[in-house]
Amino acid sequence: MFKKILIANRGEIACRVIKSARAMGIKTVAVYSDADRNALHVRMADEAVHIGPAPANQSYIVIDKIMEAIRKTGAEAVHPGYGFLSENMNFAAALEKEGVVFIGPPSPAIEAMGDKITSKKLAMEAGVSTVPGYMGLIADADEAVKISGEIGYPVMIKASAGGGGKGMRIAWSEAEVKEGFESSKNEAANSFGDDRIFIEKFVTQPRHIEIQVLADKHGNCVYLHERECSIQRRNQKVIEEAPSPFLDEATRKAMGEQACALAQAVGYTSAGTVEFIVDGNRNFYFLEMNTRLQVEHPVTELITGVDLVEQMIRVANGEPLPFKQSDLKINGWAMESRLYAEDPYRGFLPSIGRLTRYRPPVEGKTSGGGIVRNDTGVFEGGEISMFYDPMIAKLCTWGPTRADAIEEMRLALDTFEVEGIGHNLPFCSAVMDHPRFVSGNITTAFIAEEYPEGFAGVTLDATLARRVVAAAAAMNRVAEIRRTRITGTMDNHERKVGTVWNVALQGEAHEVTIAADRAGSTVRFADGAEMRVESDWTPGQPLARLTVDGAPLVMKVGKVPSGFRLRLRGADFICHVRTPRQAELAGLMLEKVAPDTSKFLLCPMPGLVVKINVAEGDEVQEGQALATVEAMKMENILRAEKKGKVKAIKAAAGASLKVDEVIMEFE
Amino acid sequence: MKDILQELEDRRNVARMGGGERRVAAQHAKGKLTARERIELLLDEGSFEEFDMFVAHRCTDFGMEKDRPAGDGVVTGWGTVNGRMVYVFSQDFTVFGGSLSETHAQKICKIMDMALQNGAPVIGMNDSGGARIQEGVASLAGYAEVFQRNIMASGVVPQISLIMGPCAGGAVYSPAMTDFIFMVKDSSYMFVTGPDVVKTVTNEVVTAEELGGAVTHTKKSSVADGAYENDVEALAETRRLIDFLPLSNREKAPTRPFFDDPARIEESLDTLIPDNPNQPYDMKELILKLADEGDFFEIQRDYAGNIITGFIRIEGQSVGVVANQPMVLAGCLDIDSSRKAARFVRFCDAFEIPILTLVDVPGFLPGTSQEYGGVIKHGAKLLFAYGEATVPKVTVITRKAYGGAYDVMASKHLRGDFNYAWPTAEIAVMGAKGATEIIYRGRTAEEIAERTKEYEDRFANPFVAAEKGFVDEVIMPHSTRRRVARAFASLRSKKLTNPWKKHDNIPL
């Protein structure tokens, strides 16, 4: 076995690889850029080598720098993680030349599958079902329009070298093809250094289901069943699960066998993923093969018990697979929520900054019989920079059934504390409670269809709201009693904390009577119903774990006058707890109208103004592009929300703006 | 007998009606509570004991003798806030627009005298059209009587003013001399002369809100220490503030049970200071992570953001925090921040509230506007305030402590009890580049660069100061809460007295 391996990556995946390597007794080498000097993967590795400035194209994807780090540390093999150099055949070739083992597939397989056009041809030859599309290279936008017309709309415009949603656009019209072609090309050039683009038919009502394969150097190839990754936003996966709630045994087997056939046709070894689009009739089409470890591999690990990273290392070391296809059963259900540093209340725009608080749920067995796993590359006090992928953690849960896995995920998300940056935890929570998601009737359009106006938070249903009311009343009692225990009170004239409280949340007031004993509190509602609340919550704790009528309830608790800011299940609201008289007087206060910002275009995220598309005095139409702001390597086009006339432009191209800084003003 | 008892109830009911249903409704329509409702929210339920409910004015001019409502436009008395005694007065806008008459002032004076005698804070809820014009000079005399008591009470019992409606003319000077002023957004204003007079005299056109609203006084003038959305929030937050304050200067700051480990380790503080010394970070994160339960009551949040002032608790006991904020003007000291912090430090010292100072200060802000504005004397206020303070003083230097500003920020030399520094601290006469340019004046640019590097290596750290004993100990950021808590614990019986004097002569 290797004595030392280098991980040519950063973030959670570098940490993930280090964990398996360490468990196998292999020493690890991390590489890091200026921005990652204090990163978690650097702390976890046995050795770390600095490889240059923060931008990935000057550090993590510079082959020479990685090669130098290998020479310096004497690493015998390299795990590339995902992204960066993981599917770069030049890198694999460079390693080969120096006699360093690449923990991944052989470079011809990367080459064959890395190019989406070639891979599709090969897939067809291997008898894998494929989507209609144009396989050749496309010179310019006009040609793209012509080809799109031939295939029939809608079409998908994709970077040949792409992945993870970068350089990918869906176009429903000629205009969109033109625009999408250019921006895909730019993004592809920036992200991958390869601006080749191809176009294919966009399958409607599709599900994204992929097969995990694992092949050794002795001709053995198995599939570790499927993952469903249909919950995507702008082609970026948000929630994945294994198995798929949609596949039947026959389809699963057919897809698995085709995936293995393709892997074997290209001489594939190591772990790889064959992605399919599956339509409503369980017809499946080959999409692409990812010749690397996938982001969402943990869900497969949770249902099969196989450590994919360990197997990749063993295969790279020439060992045969220790199992046969028939050994690989599906055990239970696993869910994964990707934690992105993206603000769901601002159209999921990237958010950067310092993680002032980062407390993931405890990993391992849960009291409910499930499992929680969190793959992360960040830590409290760490910095989320604008240079890399905004994904900062992958929260996974396992349960015997899909419903169990979802329930475990709900609790795990409620327990996960992240402060300092905008993040999508509330959104993930909302999806876990969404009836359509719970039913399993999902497609890749789920988010677009269910959240067409974006995400504005969740309103708790009446049953859950009542549980929160009971909890808030009990928590408030603890806080009020503590207030009376201050020094300097008048003897014999201390304040007595009352038993009747008015709890207001989400626009509804509940009058409750609370009776406390040693073990907890009994909260009686106006209709006579009672709820029992037990908790060891004390004032100031940002996370309250309670038991309400025997079932767990976890909430994030913030401070506000006369109550709490509570966050749970994707909801975020102020809960006032007042005496009935206080509530009555509070009712006399006037609602204040928020200031009107509709006459301004505000910068929705910290970023760089790439382009201002209009000039002062211009009439703009609804939907017209006004400015382009680059953040996290993504170009975001800001569009007019309504018709209007530009009064003043406040920011110029090249300006670096903060959130909510004014870009332009309208008349 | 029964009738006599009933008469008391009847009279009480009349008094409680204030200016009558119509005026109460008008008050409510503006989103404002009545004088009595405010008292109800400020005090513990059922704890209010009223004085002078039946006091009526004595004016006989202008037909005033025909209208002598009980209470005369102000409700006064005492009650408790979480069981601790406070005195209150609450002006009743529904009675003569809350205007101040001789008797109205006498009522206020009575409870202020009681407060001073019995050692309890005075909380005034101001909602008044101003002087009772009909009473003429008697009204002015009334104001002055109140002013004199504000002055006598200053530094003896905490005085808090809530501006919950108009407060104009002479009326502003009573709140101005109290310890804290809080305003209610959109429904309160304070000015010496109103928009009409301003227009007449200076031809300036300005609204009452622009001239003296909550935004003006919290952001521009610094007259007010905070502003709240409405009466209910203002009163709830005032209760919260009172829990931080001693009842008088005869008592120690209050303590209450706390649910936070004094030895809590905060690993994330080890990465609070950015690698780049010119990059800002949020000092509030440090305050929140040092405080019990992350609870911080900020004073003057919207003014002079380059310095942060407010109250936290450590081991359940109130502590005043003064901290440079690198996010604003690099955390420098200037006229505004010096004045803001000086006043806060003096409040803490007057009321035996220990002071925690968090230092990251690159120096005083240079420039003509500062010098012309008198930064010398304003900066000296903070220096003076720290130097005269005898309460426990614990200081943590997180990063820069340069030049005179180092001296000012509760340095060892100003009788700091515990002066800690993080390993990231740079305690020096000035930044490395500036220093070398002076020391090596006239040398080549390369040599200056080289010497700057040398200077940085030698002086951009806490150890030179530590060698001299100006820093008592260099501490790990993650253990700051434990170290600070232990420092204050060790200072619980600190005794330090300044030489006798009639009073000092702080550079006002």
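This is a predicted model: local features need pLDDT of at least 70, side-chain atom pairs count only at pLDDT 80 or more; totals for chains, interfaces and linings use all residues.
Biologist: Let's start with N374(A). Where is it in chain A?

Modeller: N374(A) sits in strand β21, residues 371–376 of chain A.

Biologist: And why is N374(A) called buried?

Modeller: Its relative accessibility is 2%. Buried means under 20%, so N374(A) counts as buried.

Biologist: Which residues does N374(A) touch, leaving out those up to four places away in sequence?

Modeller: The list is K19(A), Y358(A), P360(A), E363(A), A393(A), K394(A), L395(A) and F416(A).

Biologist: What makes the pair N374(A) and Y358(A) a polar contact?

Modeller: Their side chains are joined at 3.4 Å. The cut-off is an N or O pair within 3.5 Å, so the pair passes as a polar contact.

Biologist: Now the backbone. What is omega for the peptide bond from A242(A) to P243(A), and is the bond cis or trans?

Modeller: Omega is near -5°, and the bond is cis. P243(A) itself lies in the loop between β12 (236–242) and α9 (249–265) of chain A.

Biologist: What is the phi of S562(A), and what sort of residue has it?

Modeller: Phi of S562(A) is near 55°, a positive value in a residue other than glycine. You'll find S562(A) in the loop between β30 (551–560) and β31 (563–568) of chain A.

Biologist: Why is S562(A) called partly exposed?

Modeller: The relative accessible area of S562(A) is 27%. Buried is under 20% and exposed is over 50%, so a value in between makes S562(A) partly exposed.

Biologist: How about F62(B): what is its phi, and where does it lie?

Modeller: F62(B) has a positive phi of about 55° although it is not a glycine. Its place is the loop between β1 (49–51) and β2 (74–81) of chain B.

Biologist: Is F62(B) buried or exposed, and how do you know?

Modeller: The relative accessible area of F62(B) is 69%. Exposed means over 50%, so F62(B) is exposed.

Biologist: On to charges. What makes R314(A) and E319(A) a salt bridge?

Modeller: The N to O distance between their side chains is 3.3 Å. The limit for a Lys or Arg nitrogen and an Asp or Glu carboxyl oxygen is 4 Å, so the pair counts as a salt bridge. R314(A) is partly exposed with a relative accessible area of 25%, and E319(A) is partly exposed at 25% relative accessibility.

Biologist: How close do R569(A) and D414(A) come, and why would you say the pair ties parts together?

Modeller: In that salt bridge the closest N and O atoms are 3.2 Å apart. R569(A) is in the loop between β31 and β32 (571–578) of chain A and D414(A) is in helix α12 (residues 402–415), so the pair ties together parts 155 residues apart in sequence.

Biologist: Why are R569(A) and D414(A) called buried?

Modeller: R569(A) has 13% relative accessibility and D414(A) has a relative accessible area of 3%. Buried means under 20%, so R569(A) and D414(A) are buried.

Biologist: What makes R569(A) and D433(A) a salt bridge?

Modeller: Here the N to O distance is 3.7 Å. That is within 4 Å, so it qualifies as a salt bridge. This pair links distant parts of the chain, 136 residues apart, with D433(A) in helix α13 (residues 425–433) of chain A. D433(A) is partly exposed, its relative accessible area being 29%.

Biologist: How many salt bridges are there over all chains?

Modeller: The count comes to 93.

Biologist: And what goes on between chain A and chain B?

Modeller: 38 residues of chain A are in contact with 45 residues of chain B. About 3,300 Å² is buried between the chains, with carbon and sulfur atoms giving 56% of that area. Across the interface there are 5 salt bridges.

Biologist: What makes R581(A) and E40(B) a salt bridge?

Modeller: Their side chains meet at 2.7 Å, N to O. The cut-off is 4 Å, so the pair is a salt bridge.

Biologist: Which helix supplies the largest share of the side of chain A that touches chain B?

Modeller: That is α17(A), with 4 residues. The residues of this side divide into 10 nonpolar, 14 polar and 14 charged.

Key
Residues are numbered from 1 along each chain as its sequence is written. Chains are lettered from A and ligands numbered from 1 in the order in which they are written. Side-chain values use heavy atoms; hydrogens and water are left out. Helices (H or I, at least four residues) and strands (E, at least two) are DSSP runs, numbered from the N terminus. Buried means under 20% relative accessible area, exposed over 50%, partly exposed in between (1.4 Å probe, protein chains only). A polar contact is a pair of N or O atoms within 3.5 Å; within protein, one must be able to donate a hydrogen and the other to accept it, and residues adjacent in sequence count only if both atoms are side-chain atoms. Contact means heavy atoms within 4.5 Å. Buried area is the accessible area (1.4 Å probe) that two parts lose on being put together, summed over both. Ala, Val, Leu, Ile, Met, Phe, Trp, Tyr, Cys and Pro count as nonpolar, Asp, Glu, Lys and Arg as charged, and the others, Gly among them, as polar.
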